[in-house]
Amino acid sequence: MSTTARHAARNMSDFLATLQDLPGTDLLHPPDTAISGVRARWGDHEAKAGPSEDLTLIYSRLSKGDLVMTVDETRIYDGRVHGGVITVMPPGVTQCYDFRGSMENVILRVDRAVFDAVIEEEPALGGLGRIDLRAPFLRPALSRAIERQFDALRRRGPGARLLVEAAAMELSVELLLAFGEAPRRPRVAAPLGPKELLRITAYIEEAIDGAIGIKDLAAVANRPPVQFARAFKAATGETPHRFVIARRLERAKAMVLAGSEPLAEIAYACGFSSQSHMTALFSEHIGMPPGRYRKEATR
């Protein structure tokens, strides 16, 4: 956008309904369902949403810019935002954003009934408990669950609702594991802190088209490589290598959907060694090769 866009609504449900008709915004599901949301691709913008009865997740798929976030008139974040980070907004808060840059976000509203159904099936997950506000943070397992929910919500035709419900269950489990009342196992290593993780994410997004090694990432965190690898896994639940692969795939998915650019060029732009390398990882992690992924998305 060449000028700053401004959006406001009484609550998150109204906010999502308002956004669906704006340029650069795709409705992912009707706002009156248990899981609903939008994909927003904007430039500079300001937004405000009043208190919601439901949990709100904001996942930055491909964002790059500066964000000022205010909740209930208290500034809780002022800094750079890159792809891969998540913001969790609990019910009952008023949210204000001032963003400068380019972004592609997935914004999901999750009804509490979704969690209740999961807890009924698996009581050991505990209750949802009190959800605190989480400013941009990193949790790869939750990011992947949001991505699968995003893909399911975009599907149409036979079986689409079942896919949405299955993805919603997975997303709820990951949220309960992250914020629920179930007992936590002690960590085996001191994890990286939020600021370290954001610096690492920013570095990966900037260097995504080239080789990224464990030594490079450890240098960003100013830690020895072995200690870094353990601390990264303690914080995110997965290895640095798997996380980098996931970010390359997210960039590739966005580029595949964006147009008709040759797959070989997309592969190299995302740091894969070849088109066949990208295709193999697409098939392994997404369940289909990139060519088929593009065709299904344009039906």
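This is a predicted model: local features need pLDDT of at least 70, side-chain atom pairs count only at pLDDT 80 or more; totals for chains, interfaces and linings use all residues.

User: OK. How many salt bridges does the structure hold?

Analyst: There are 16 salt bridges.

User: Which parts of the chain does the Arg144 and Glu238 pair link?

Analyst: The side chains of Arg144 and Glu238 form a salt bridge at 2.4 Å, N to O. Arg144 sits in helix 3 (residues 140-154), while Glu238 is in the loop between helix 7 (225-236) and helix 8 (240-258), 94 residues apart.

User: And is Glu238 buried or exposed?

Analyst: Glu238 is buried, because its relative accessible area is 4%, under the 20% cut-off. Arg144 is partly exposed at 29%.

User: What about Glu205 and Arg247?

Analyst: Those side chains meet in a salt bridge too, at 2.8 Å, N to O. Glu205 is buried at 10% relative accessibility, and Arg247 is buried at 4%.

User: Which residues are linked in a network?

Analyst: Arg61, Glu104, Glu147, Glu250 and Lys253 are connected by a network of salt bridges.

User: Switching topic: where do negative charges gather on the surface?

Analyst: Asp116, Glu120, Glu121 and Glu122 make up a negative patch there. Glu120 belongs to helix 2 (residues 112-121).

User: Why does Glu120 count as exposed?

Analyst: Because its relative accessibility is 67%, and exposed means over 50%.

Methods. Residues are numbered from 1 along each chain as its sequence is written. Side-chain values use heavy atoms; hydrogens and water are left out. Patches are made of residues with over 30% relative accessible area and no salt bridge: like charges are joined within 9 Å, nonpolar side chains (Val, Leu, Ile, Met, Phe, Trp, Tyr) within 5 Å. Accessible areas come from the Shrake-Rupley method with a 1.4 Å probe; for residues, only the protein chains shown count as cover. A salt bridge is a side-chain nitrogen of Lys or Arg within 4 Å of a carboxyl oxygen of Asp or Glu. Lys and Arg count as positive and Asp and Glu as negative; His and the chain ends are not counted. The place of a charge is taken as NZ of Lys, CZ of Arg, CG of Asp or CD of Glu. Helices (H or I, at least four residues) and strands (E, at least two) are DSSP runs, numbered from the N terminus. Buried means under 20% relative accessible area, exposed over 50%, partly exposed in between (1.4 Å probe, protein chains only).
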